[in-house]
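Have the sequence and the 3D view ready.

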Amino acid sequence: MEGQTNFTMRIHVDTLKKLRYVAKYDSRSASGQIMYLIHQCIREFEEEQGKIDLSDND
């Protein structure tokens with residue numbers, strides 16, 4: 001898993017159930033749905049604000 005890391009978060013049980021429902025509808029796992037949403041958020045941000053330069057961030 002080079003280039004990947006684990007990330008832990010707390011989520012309300014009902015929210016997780018709804019996320020899993022949406023993920024299943026889109027033929028994704030809950031983790032896959034979260035990654036899809038993260039990528040969508042980043043894409044929208046970069047369209048509005050410009051490419052994120054990672055060389056300045058840790």
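Which side chain makes a polar contact with the side chain of Q33? That partner is R28, at 3.1 Å; a polar contact is a pair of N or O atoms within 3.5 Å, where within protein one must be able to donate a hydrogen and the other to accept it, and residues adjacent in sequence count only if both atoms are side-chain atoms.

## About the model

This is a predicted model, in which local features need pLDDT of at least 70, side-chain atom pairs count only at pLDDT 80 or more, and totals for chains, interfaces and linings use all residues. Residues are numbered from 1 along each chain as its sequence is written, and side-chain values use heavy atoms, with hydrogens and water left out.

## Helix α2

Just after α2, G50 takes a positive phi of about 100 degrees.

Q33 lies in α2 and is buried, because its relative accessible area is 3% (buried means under 20%, exposed over 50%, partly exposed in between, with a 1.4 Å probe and protein chains only). Leaving aside residues up to four places away in sequence, Q33 touches L19, V22, A23, D26 and R28, with contact meaning heavy atoms within 4.5 Å.

Q40 also sits in α2, but is partly exposed at 25%. The C-alpha atoms of Q40 and V13 are 23 Å apart.

Key. Helices (H or I, at least four residues) and strands (E, at least two) are DSSP runs, numbered from the N terminus.
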